[in-house]
Structure formats: structure tokens, C-alpha cells
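I opened this one to see how the pieces sit together. My notes follow in the order I looked things up.

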Amino acid sequence: MIVADRKPLEEILNSVKDYKKIMLMACGGCVTVCFSGGTKAAELLASQIKMARKKEGNDIEIIEFTPERQCEYEFIDALKKDVESVEAVLSTACGVGVQAMAVEYPDMITIPALNTKFMGYPVEHALWEERCAGCGDCVLEWTGGLCPIARCAKRLFNGPCGGSSDGKCEVDKDTDCVWQLIHDRLKRLNKLDNLTVVREPKDWRTSTNAGQRKTKFEEAML
Amino acid sequence: MKSASRLEKVLTAGNFAVTAELGPPQNADPEVIKKKSQYFLGNVDGANITDNQTAIVRMSSIAAAAVAISCGVEPVAQMVCRDRNRIAMQSDILGAAALGIRNILCLSGDHQQFGNHPEAANVFDVDSMQLIAMVKKMRDDKQFLSGDPIKEHEPRLFIGAVANPFADPFEFRVIRLAKKIKAGADFIQTQCVFDVDKFARWMELVVKEGLHKKVYILAGLTPVRSAKALHYMKNEVAGMSIPDELIKRMESAEDPREEGIKICLEMIESVKNIDGVSGIHLMPIGWESITPIILERAGLLPRPQV
């Protein structure tokens, strides 16, 4: 799922400083799982903003709303009346949700309250790690199900580099060297031969290098 | 011969080769290279010119190599994958050959986090293995990576790569060396050897696989002036193996500079006697002036005429 961090409160306060009435739209999708979206996080953020503004003697009114998902028009369409009653929308959705708002409400300013980070999963309670970079040409088949593009600081296809030490990455001693993990997993699966092949340079056109990417499912198109 | 490289001639003639590192300055002064070239002229078979090592901005390795050539020193230009995509790399490979560079050393490159622009985007369009294969394709197949032909004047470079016997997983390091050979490496420079026993164990595996017959291996050696330098490398540089007794020896030395030289001379003797080692690569970080002194005392001068 998509993982995001809330922006620092100072930055959020600064971005809403000109408004007296805003909507805090808290996506109820992916980012709820990492505690940055959803109703609870929104309640906390709204009260923090209100308290800070009260202290300044400059009260702000905040309407809170949690759509099931902010990245689909059906879920944000219904709010038209409420949205039109505010000066700006503060969104705790990923970048997709914020942009969906920009399209659906072209006259309304939508401010991101999150920094969208990656596609990942929780490795332990309340700790998420990146797992997929969405590169558009999956290599997990020969890497033992571990992604060197999302998880190697040099995106190596023929790792590990000379900085792999005691299973850790030279860039961060708290991060596993994914190439050590790939090696160990392939060894366990009796597929170390996968690593004797010199892997060809990647065609980055499938990634973000050819401009915006699209996907269509012909059968379902109207 | 694959190139017009002196280093290639020295190695193919069966001589024990000597290369040494030359770090370009953090400014635009060619005099720095000219001065350092004097330490190398006639003393080494190749001056290895680093490419923004540790991700600190310095004069371009190719430009510095061209200055070294003007001083009569044969350079080995390093090229890292961190800062350029395949278009810029191939362009620079052509440019390097046009400037008279005959040796290239292909590396991934230190991550930008360690340098003076940690906020920079990295490239890594190709990795070091793919860079080796790309240079070989340009030289031997007379083709760009895309398959487009290089109709004439293909870059004739002697291709170097690096190997770190001290990084993990140890058992994979020989397999990775074999991969670099398969990709097209003609010679290998190793990470600094301080742990001679571990290096010897690695070389044993290399020889067992017959890899020393397919590639020339130069053992990397770094003379140090203080125990502090060893401490730093042990604690701060990933993929280094520094025995404690070496640190103790430097700590208790009356003249650490001389002790550092002695240790380096002993290391040279040790690696010379390890089966499969074709030469040494000296990396006296920021201490290039010591290169001719060490080589003289090691009996490695004069260099063979080829």
C-alpha cells in the first residue's frame, strides 16, 4: 500500500495561515493504515491546528470529512456543498488523492498535509518499509522476490556492491543490504545460478522516464 | 593487444605491474595534476585517476587524465555510474579515447550520501557490471549499447574493474569477480588490503576457479601515516577489514609515518608471493608523494621498458 508521513505541523500551519474556514479531508484508504490518513489522525491534526490558531487569537473553523478513498471521484463528488463552503481543503491523502481533488474541484485550493513516500508494508507494528518502486518491469522472478530497484541505494542489477557489510547497506547501517538478502534467499531456494548471469541494463521507459504512464484494461472500456 | 595501453603491455609481458592513485583537485588548477604527475612519471605503469571519489566534487577524471598525458604519464581514468546515464557515459568513453586515454576503470561509485552534495539525485542508469560490458561492446563489437554501429575509430580501451574481497557475502565475491570477467574486465584492482590472510583466502578461491588466468589482479594497498587513519577506515568505511594488531602496531610506533611505510613494504612482499597476483595498485590517500619512495624501497623501480 501507499505509505505517507504527515508534514511537520509548522509547515501545515503556514500553508493554511490565510484561511478562516477549511475542510480537512482525510483519506480513508491506504494512508489510514500508516496512521497519517483517516478519521483519528484528522481529529488530532484539526485540534492541533485549532489550538495553535486560538493561541494566536486567530480562530479557524475546520470541517472534517473522511471519504472512503480520496483517489476516486465517486467518493469526493458527494461533498460538493461542503467543499464549496470553505476557503481551502487540507488533505491527508497521498499525492493521488490531492490531485483528484484538484481535478474535481478546479476552483478550490487543495493543500497536501502529507508527504507521500512509497509503496511498502509494515515489517513490524508501526514500522513500514519500501518494497516496490513501480518500475513497470518486474524482476522479482529472478531475485528471489526481493526488489533491488526499490531497496538498493544504487539500484544495482548485479549486486552486491563493495559496501555490503555484515548484511547491512553502507548507506544506512540500520538497513539490510537487499543484495545480501537476495543472495541468501536464492541460496535457500537452490537458485544461486540466477546471480551468475550478467543482467542487462534496464529499459527505463517502463519507469518514470518516458513521462506520465497509463494503464488501460481494454475489455472493460466503454 | 586490445588497446595501445602501456599497462596492458606490461601485464601481457608477464611483469609485476604497478599502478597508483592520483586524486584530482577540488579546483580548476592543472598545475596540481602536473605536480603530482612528477611523482608518477617513469615510476608507475598507470596513474589511476579517481572520478569524484567519495562523491566529493573534483576536477573531472578525464580532464585530469588528459593533463597527466601531457606530462608523459599514462592514466587509468576511472568512471563511476553514479553521475551519468548511458548516453553521457558512452560520449565520455569516446572523448576519453580521443584524448589519448588507453585505460578505463569501471565502478559503481560511492553513494552520494558520503560526499559534499548528499542532496543530489543519483543516476545508476547502468551498474558497474553493465558499464564494463558497454565498454567492451564499444571496443570489440564496435557498437554502442543500443546496437548502433561505431563505423570507425572505436574506443580501444584496456578495461579495468574493482573487486572487494572484504565485503559480504564473502562466498559470493569470487562469483561476482567471475561475472566481471564475463562482462569484459581485463584487469582488476582490489579494495585496500590490510587483512592479508583474508585476501590470501580470497585469492585461493580465485585461483581454484582459474580466474587469475582470465584477468590480471592488482592488489590494492594503502600506506597510512597514523593509527587514526586505520581507526577511521575500520569504523567508518563499510567493506574494510583491518586487523587489530595492525592498529596496535601503528599506535605504539615511535615514527608512525615510517612504520606505515614499513607495513606497506611488508604487504607488497606478502601479496607478491600470493599465487595469481599480477601487480599492485597503491592508494596513498592524499599522500601521493610517498608513491615513488615506497616503490623505490620495494625494489619495483625502474619500471620495465615495454
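Predicted model: local features only at pLDDT ≥ 70, side-chain atom pairs only at ≥ 80, totals over all residues.

**Helix H3 of chain B**

I started with H3(B): 7 of its 10 residues are buried, so the helix is largely enclosed by the rest of the structure. Buried here takes 20 or more other C-beta atoms within 10 Å of a residue's own, exposed takes 12 or fewer, partly exposed lies in between, and the C-beta atoms are placed from the backbone. Helices (H or I, at least four residues) and strands (E, at least two) are DSSP runs, numbered from the N terminus.

Residues are numbered from 1 along each chain as its sequence is written, and chains are lettered from A and ligands numbered from 1 in the order in which they are written.

I listed the buried set of H3(B): Ser61(B), Ile62(B), Ala64(B), Ala65(B), Ala66(B), Val67(B) and Ala68(B). They pack against E1, helix H2 (30-40), E2, E3 and helix H4 (86-98) of chain B, where a contact means C-beta atoms, placed from the backbone, within 7 Å. Just after H3(B), I found Gly72(B) with a positive phi of about 85 degrees.

**The barrel**

Next I traced the sheet in chain B. Its 8 strands close into a barrel in the order E1-E2-E3-E4-E5-E6-E7-E8, with parallel pairing; two strands pair if DSSP finds at least two bridges between them. Direction ignored, neighbouring strands of this sheet are turned by 30 degrees against each other on average. Helix H3 (residues 61-70) packs on the sheet and touches strand E1 (17-22), E2 and E3 of chain B, and its direction makes about 175 degrees with that of E3(B). For such angles, axes are lines fitted to C-alpha atoms, for helices over the stretch in contact, and values run from 0 to 180 degrees between N-to-C directions.

I zoomed in on one pair: 3 bridges join E2 (residues 46-49) to E3 (residues 75-80) in chain B. Ala47(B) has Pro75(B) as its bridge partner in E3(B).

**Helix H7 of chain B**

Phe199(B), Trp202(B), Met203(B) and Val206(B) are buried in H7(B). They cover an arc of only 100 degrees around the axis, which puts them on the same side of H7(B); the arc is that of the directions from the helix axis to the C-beta atoms. Their cover includes helix H6 (170-183), strand E7 (216-221) and strand E8 (277-282) of chain B.

The face turned away from the buried side carries the exposed Asp197(B) and Lys208(B). I counted 10 other C-beta atoms within 10 Å of Asp197(B). Its C-alpha atom is 9.8 Å from that of Pro243(B), 46 residues apart along the chain.

**Over to chain A**

The contact takes 25 residues from chain B and 23 from chain A. On the chain B side, H6(B) gives the most, with 5 residues.

Inside chain A, I saw 5 bridges joining E6(A) to strand E7 (residues 127-132), which run antiparallel. Pro122(A) stands opposite Trp128(A) in E7(A). That hairpin has 2 residues between the strands, and Ala126(A) takes a positive phi near 65 degrees.

How values were computed. Contact = placed C-beta atoms within 7 Å.
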